[in-house]
Amino acid sequence: MAGEWKISRLGNCVTHQKGFAFKSSDYRPSGHPIIRVSNFTDRSIDMAECSYLDHDTVQQYEDYKLRHRDAVIATVGSWPTNPASVVGKTICVPEKAEGALLNQNAVRLRTKADLDQRFLFYLLKQPDFQTYIVGTAQGSASQASITLSDIFGFEFQCPPLPEQNAIAGILGALDDKIELNRRMNATLEAMARALFQSWFIDFDPVRRNMDRNGQPTQQSKTGSVKREMEPPSAISDFTSQSSHFDSLFPASFQDSPLGPIPKGWRVASIYEIADVIYGAPFASSLFNSERVGKPLVRIRDLPSESPGVFTTEEHPKGYLLKPGDIAVGMDGEFRAYIWAGVESWLNQRVCVFAPKPGFSAAFVRNSIIAPLAQVEATETATTVIHLGKNDIDRFTAILPCASVAEAFTRLCQPWYEKIVTNKQQSRTLATLRDTLLPKLLSGEISTLSITIN
């Protein structure tokens with residue numbers, strides 16, 4: 001098979017377009033999206049933090065529009081020690097970014113007739129290219145750059161087009177399943193959040209009960225909080241269809257420190273629904289990257305769920321973070337993560353909110369999202385903001401009757417468990433993909449020997 005492969009030079013196989021230097025003064029809070037290097041994830045694009053241009057001005061930038069499956073390389077960025085903005089980072093444009101504009105410091109690549117577009121992306125993600133291209137970078141630690149001539153000078157073994165299609169099909173199937181899991185998790189999380197909003201912030205079942213009884217409804221302070229998200233119509237339909245649980249709710253309100261809340265409910269300390277467990281101060285002198293001992297979770301590891309260091313230390317106050325735990329970093333930004341990584345020691349400045357009997361991780365996590373956001377919004381610091389025990393001591397939660405808490409757990413906790421399972425499966429699939437990628441692209445193994453179910 002490999003005998004049919006030929007040595008090709010990247011520059012002969014692709015067309016390219018560098019990004020445009022849009023002026024920040026032209027950015028708008030909404031409109032047509034602009035993709036910057038800071039929007040790159042490991043393999044795709046995060047559209048949540050895009051800049052925008054007025055739609056009326058977009059027509060003059062047609063050459064800079066992205067297509068689904070374009071390969072894009074960051075030509076300026078930091079060295080690989082900073083995963084947020086790495087020079088040479090390569091992504092594949094997702095369908096949701098079709099038509100978005102490419103900003104400066106990146107180059108878009110499209111294949112010519114004898115090279116498969118999706119195969120190109122995997123070619124650029126293989127370790128040989130990434131090592132090669134980062135090795136050509138020049139500049140300071142915070143501002144390194146690579147040239148187009150270096151990118152286009154890369155030589156590789158190019159299989160016949162049918163084999164390219166087969167390789168891209170195998171690796172793409174794994175990536176597609178990972179993406180499907182990600183989208184499913186986003187939906188499950190949004191459903192739990194929407195139901196929590198409906199039941200414990202807007203008190204929709206109570207208001208429906210009052211309407212049935214012909215009673216005028218009161219506007220509560222908690223119920224008037226702006227929705228943090230507008231769920232898709234299917235999720236809105238679900239929360240409306242949950243009305244068969246209305247009989248579990250009262251048909252009137254009572255006063256509370258937060259304003260009117262359902263009768264018989266109460267406002268309580270966060271400690272009535274969860275124990276807060278703080279990470280221990282493990283000695284950095286015992287950290288290692290050789291995977292000796294147990295992994296140790298630091299704040300930086302929460303988003304990726306991939307601990308960067310291990311330790312042989314067994315701290316007397318140590319806590320082992322387990323899949324399904326709700327973990328919060330206490331510096332910089334305060335997010336409640338559903339941990340799905342391997343069991344790991346919890347380092348200092350990371351804490352876990354462990355549900356007490358009668359409450360679920362789904363209920364606890366949704367109860368702390370708002371107070372965490374409030375602390376983050378009100379904290380001021382010259383460098384990094386901090387979450388302290390004094391802040392957490394002031395967290396409150398609205399405690400429903402036991403039957404409502406049980407119903408919420410019965411509905412939402414299985415979704416959280418599915419989120420964890422999906423994340424774990426995606427990690428396994430990513431490992432398989434990364435193992436297969438260099439072997440397939442070198443011809444070491446044949447696509448005929450692989451079946452992806």
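Contact here means heavy atoms within 4.5 Å. All the views below come from a predicted model.

**View 1. Helix α1 lies across a sheet.** Here α1 sits across β2, β5 (71-74), β7 and β9, and its direction is about 135 degrees to β9. The strands below belong to an open, antiparallel sheet of 4, ordered β2-β9-β5-β7.

**View 2. Strands β2 and β9 pair up.** Zooming in on the sheet, β2 and β9 (residues 106-111) run antiparallel and share 5 bridges. To find your way along the pair, look for H16, whose bridge partner in β9 is L109.

**View 3. Helix α1 meets helix α2.** Helix α1 (residues 117-125) packs on α2 (residues 127-135) with an angle of about 60 degrees and axes 5 Å apart. That angle makes α1 oblique to α2. On the α1 side you'll see L123, L124 and K125, which meet P127, F129 and Q130 of α2. Sorted by class, that contact comes to 4 nonpolar, 1 polar and 1 charged residues.

**View 4. Helix α1 also packs against helix α4.** The partner this time is α4 (residues 161-200), with an angle of about 75 degrees and axes 8 Å apart. The two helices are therefore roughly perpendicular to each other. From α1, the residues R118, F119, F121 and Y122 meet a set in α4 that includes I167, L171 and D175. The contact divides into 6 nonpolar, 2 polar and 3 charged residues.

**View 5. Helix α9 has a bend.** Count the 41 residues of α9 (residues 402-442) at 1.5 Å each and the helix should span 60 Å, which agrees with end C-alpha atoms 60 Å apart. Even so, there's a bend of about 35 degrees at C412, with a proline, P414, following within four residues. After the helix comes G443, with a positive phi near 80 degrees.

**View 6. A mixed sheet of 5 strands.** This open sheet goes β17-β19-β18-β23-β20, with mixed pairing. At its edges are β17 (287-288) and β20 (320-321), each pairing on one side only. Inside the sheet, β18 (residues 294-297) and β19 (residues 309-311) pair antiparallel over 3 bridges. A handy landmark is P295, which stands opposite F310 in β19.

Key: Residues are numbered from 1 along each chain as its sequence is written. This is a predicted model: local features need pLDDT of at least 70, side-chain atom pairs count only at pLDDT 80 or more; totals for chains, interfaces and linings use all residues. Side-chain values use heavy atoms; hydrogens and water are left out. Axes are lines fitted to C-alpha atoms, for helices over the stretch in contact, and angles run from 0 to 180 degrees between N-to-C directions. Angles under 35 degrees count as roughly parallel, over 145 as roughly antiparallel, 65 to 115 as roughly perpendicular and the rest as oblique. Ala, Val, Leu, Ile, Met, Phe, Trp, Tyr, Cys and Pro count as nonpolar, Asp, Glu, Lys and Arg as charged, and the others, Gly among them, as polar. The expected span of a helix is 1.5 Å times one less than its number of residues. The bend at a residue is the angle between axes fitted to the seven residues ending there and the seven starting there. Two strands pair if DSSP finds at least two bridges between them.
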